[in-house]
Amino acid sequence: MAQRNPKQARAEAGGNSGGGDVGVVDEARPAEKLTVPNYQTIALTLQGGGALGAYQAGVYQALHEAGIRPNWLAGISIGALNTAIIAGNAPEHRVARLLEFWETICQPAYGPPIPSFVEQAFFNSTNGVRKAFTAMQAVSAVVEGQRGFFVPRFPPPVPTVSTSPQTASYYDTRPLKATLERLCDFDRINSQEVRVSVGAVNVGTGNFAYFDNAKIRLRPEHFMASGALPPGFGAVEIDGEFYWDGGLMSNTPLYEVVQTTPRKDTLAFQVDLWSAQGPVPDNLTDVQGRVKDIQYSSRTRMVTTTLQRSQRFRHVLREVLSRVAPEHRDDEWCKLAEEMSCSRRYNVIHLIYRNKEYEGHYKDFQFGLSTMREHWQSGLADTRASLAQPGWLAMPDNDAGFVTHDIHRDIR
C-alpha cells in the first residue's frame with residue numbers, strides 16, 4: 001500500500017471543516033476489518049481537555065469501524081467521561097451513545113441552542129468571524145453552563161466564606177451525574193468485560209489515584225472525580241476522601257497501562273488533546289492558550305522515550321541471560337536479572353489533536369455543536385489515516401520491543 005500524507009488521508013476519510021448538518025458525524029463506513037496481531041492488551045488511553053474531547057470520540061469511531069476492540073480503557077478528566085460512555089454500552093451502541101453525550105453537553109444549559117443554519121453560517125465564514133463566534137459560545141459556557149454537564153451556582157460562591165469541599169466551586173456538576181446514569185450501564189462497566197481505569201488526585205494527600213474496575217466497583221462519582229477541575233468544579237467525595245481532576249498531576253494515563261505488571265504484549269492508542277509543539281505566542285490571549293498546551297500535554301513523547309529505553313534494557317538483559325550457562329543460572333544475581341528482564345512488546349499509536357487557526361485560549365470550554373463536529377471529524381480522519389499505514393499495527397521487532405507511531409510526525 002502506498003503511503004499517503006495526512007492531507008490526502010483526511011480527504012479520503014471525508015474530513016472537512018464543519019460542513020453539513022450540525023451534530024452529525026460521518027457514518028461508520030463499510031471498511032474492511034483490520035487484522036490485528038495477537039496483543040494481550042489493546043488499550044485506548046484518553047487525556048483530559050474539556051470540549052476538545054470530541055476528538056477522542058472520532059478516534060473511537062474509527063477503531064470501531066475497523067473492528068478494533070480495546071480491552072482496556074484508561075482516561076483522565078473528559079477522557080474519563082468518554083471512557084464511561086464507551087465501557088457503559090454494548091459495542092454496537094457505543095458510537096451512537098458518544099454522539100448523544102456530545103450533542104447533549106454541547107447545548108446551553110437553559111436557553112435554546114442557536115438554529116443549526118445560523119451556527120453553520122457563522123462557523124463556515126472567515127477565520128475572524130469564526131473566532132468571534134466561538135468566543136461568544138465560550139462566554140455562554142461560562143455564564144450559563146452546558147446542558148447535562150454543569151450549571152453556575154446560585155448564589156455565586158463568596159471566596160472568603162467557608163463551605164463544604166463539594167460546593168467550593170463556581171459550578172454545580174450534579175447534571176453530569178444524571179447524564180452518566182442515563183447513558184451508561186454501570187453493571188456493564190463493572191462486569192470487567194473491558195478493564196476501566198480513571199485517574200484523579202486526592203485533595204488531602206496530593207497523591208494520584210487510579211480507580212480501576214479490576215479492584216473496586218466504579219460509580220458515576222469516580223468518573224466525575226477524574227474531571228473535577230478546580231475552581232470550576234468542586235471536589236468529589238469517595239469513601240470519605242475528596243478528589244480533584246487527575247490532570248492537575250498527570251494528564252496522560254499511558255504510563256499506568258504500560259508499566260502495569262505482569263507485563264503484557266500491548267497495542268496502545270494514546271489520544272492527546274493538547275499539542276506540546278506549537279507557535280510562540282505574540283499576544284497575551286495566545287499566551288494563555290499556549291500555557292495550557294504546555295501544562296496539559298504532559299510530555300507524552302518524553303514518557304514514551306523513557307518507556308522505550310527501559311524496555312530496551314529489559315530486552316537486552318533477557319538476551320544476555322540466554323547466553324549464561326545453565327549451571328550459573330541459580331546465581332542470586334542471575335535470579336534477580338531474570339526478575340527484571342522482559343520480552344514483552346509495546347506498540348504505541350499516538351494521536352494528537354492539532355490546533356485550528358480560529359481557536360483561542362478558551363478552546364477547552366467552547367462547546368459549540370459545529371466545533372464539536374469538527375473535533376470529532378479530526379479524530380476520525382487522523383485515526384483512519386493511521387490505521388491505513390502499512391505495518392503500524394505489527395508487533396515490534398526491534399531490540400527494544402517498543403515502537404511509537406504518529407501520523408503528524410511520521411508522514412509529512
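In the predicted model, Asn 190 is in contact with Asn 213, Ile 216, Arg 217 and Leu 218, when its neighbours within four places in sequence are set aside. Asn 190 itself is situated in the loop that joins α8 (186–189) to β5 (195–202). With a relative accessible area of 12%, the residue is classed as buried, because the value is under 20%. The side chain of Asn 190 takes part in two polar pairings with the backbone. A polar atom of this side chain lies 2.8 Å from the backbone oxygen of Phe 186, and the side chain also reaches the backbone nitrogen of Leu 218, at 2.6 Å.

Phi of Gln 192 is near 65 degrees, a positive value in a residue other than glycine. Whereas Asn 190 is buried, Gln 192 is partly exposed, its relative accessible area being 48%. A positive phi, near 50 degrees, is also found at Asp 239, again a residue other than glycine. Asp 239 is placed in the loop between β7 (236–238) and β8 (241–245) and is exposed, with a relative accessible area of 68%.

The bond from Phe 154 to Pro 155 is cis, with omega near 0 degrees, and Pro 155 belongs to the loop between β3 (151–152) and β4 (171–172). The bond from Thr 261 to Pro 262 is likewise cis, with omega near -5 degrees; Pro 262 lies in the loop between α10 (254–259) and β9 (266–272).

Notes:
Residues numbered from 1 in each chain as written. Predicted model: local features only at pLDDT ≥ 70, side-chain atom pairs only at ≥ 80, totals over all residues. Heavy atoms only, no water. Helix = DSSP H or I, 4+ residues; strand = E, 2+ residues; numbered from the N terminus. Buried < 20%, exposed > 50% of the residue type's maximum accessible area, 1.4 Å probe, protein only. Polar contact = N/O pair within 3.5 Å; in protein donor to acceptor, adjacent residues only side chain to side chain. Contact = heavy atoms within 4.5 Å.
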